[in-house]
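Biologist: I am new to this structure. Could you show it to me and take me through it?

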Amino acid sequence: MKSIHWLILGDIFAIALVTVIGFAAHGETGLDFAPRMLTTFGPVTLAWFLVAPFLGLFNSEITGNPRQLWRPFVGMVFAGPLAALLRALLLNSVVIPVFAVVLSGSAGLGMLAWRSIWWTISRKKVRSEEHTS
């Protein structure tokens, strides 16, 4: 499997984890909340994959550079309000500004954490390849 595929799967997992943690923070962790979790997970995932390419977040030159680790957080800061809007449309509701801010910040931190892990793994892989050459 190409490394970009692992990066994308990791992004999806990070969004799922942030979604579950968010619901858990409100005491909503049972399987009966799964459909409601999808109304957050789906829009956040869609918004992320619409915004991330514009910031080069799948470009190996950027994902491999620790000075660019700010980009995933900023990407989610832009994706969060879009996700809140998509979620509101899905639920036939309104965008709650506080929800959009909290979603953007928490998902941004989650993505920053994941992408930091990704950078560490990628760096170790490159080092091991250099030593075997």
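Modeller: Helices here are DSSP runs of H or I with at least four residues, numbered from the N terminus. The model is predicted, so local features need pLDDT of at least 70 and side-chain atom pairs count only at pLDDT 80 or more, while totals for chains, interfaces and linings use all residues. Residues are numbered from 1 along each chain as its sequence is written, and side-chain values use heavy atoms, leaving out hydrogens and water.

Biologist: Where is V102 placed?

Modeller: V102 lies in helix 5.

Biologist: Is V102 buried or exposed?

Modeller: V102 is exposed, because its relative accessible area is 52% (exposed means over 50%, buried under 20%, partly exposed in between, with a 1.4 Å probe and protein chains only).

Biologist: How far apart are V102 and G22?

Modeller: They are 80 residues apart in sequence, and 9.5 Å apart in space from C-alpha to C-alpha.

Biologist: Now the helix packing. How do the axes of helix 2 and helix 4 cross?

Modeller: The two axes, lines fitted to C-alpha atoms over the stretch in contact, with angles from 0 to 180 degrees between N-to-C directions, come within 7 Å and cross at roughly 130 degrees. Helix 2 is therefore oblique to helix 4 (under 35 degrees is roughly parallel, over 145 roughly antiparallel, 65 to 115 roughly perpendicular and the rest oblique).

Biologist: And which residues of helix 2 and helix 4 make the contact?

Modeller: Among them are V44 and W48 of helix 2, and P72 and M76 of helix 4. Contact means heavy atoms within 4.5 Å.

Biologist: What is M111 in contact with?

Modeller: Leaving aside neighbours within four places in sequence, M111 contacts D11, A14, I15, W48, P72 and M76.

Terms used:
Helix = DSSP H or I, 4+ residues; strand = E, 2+ residues; numbered from the N terminus.
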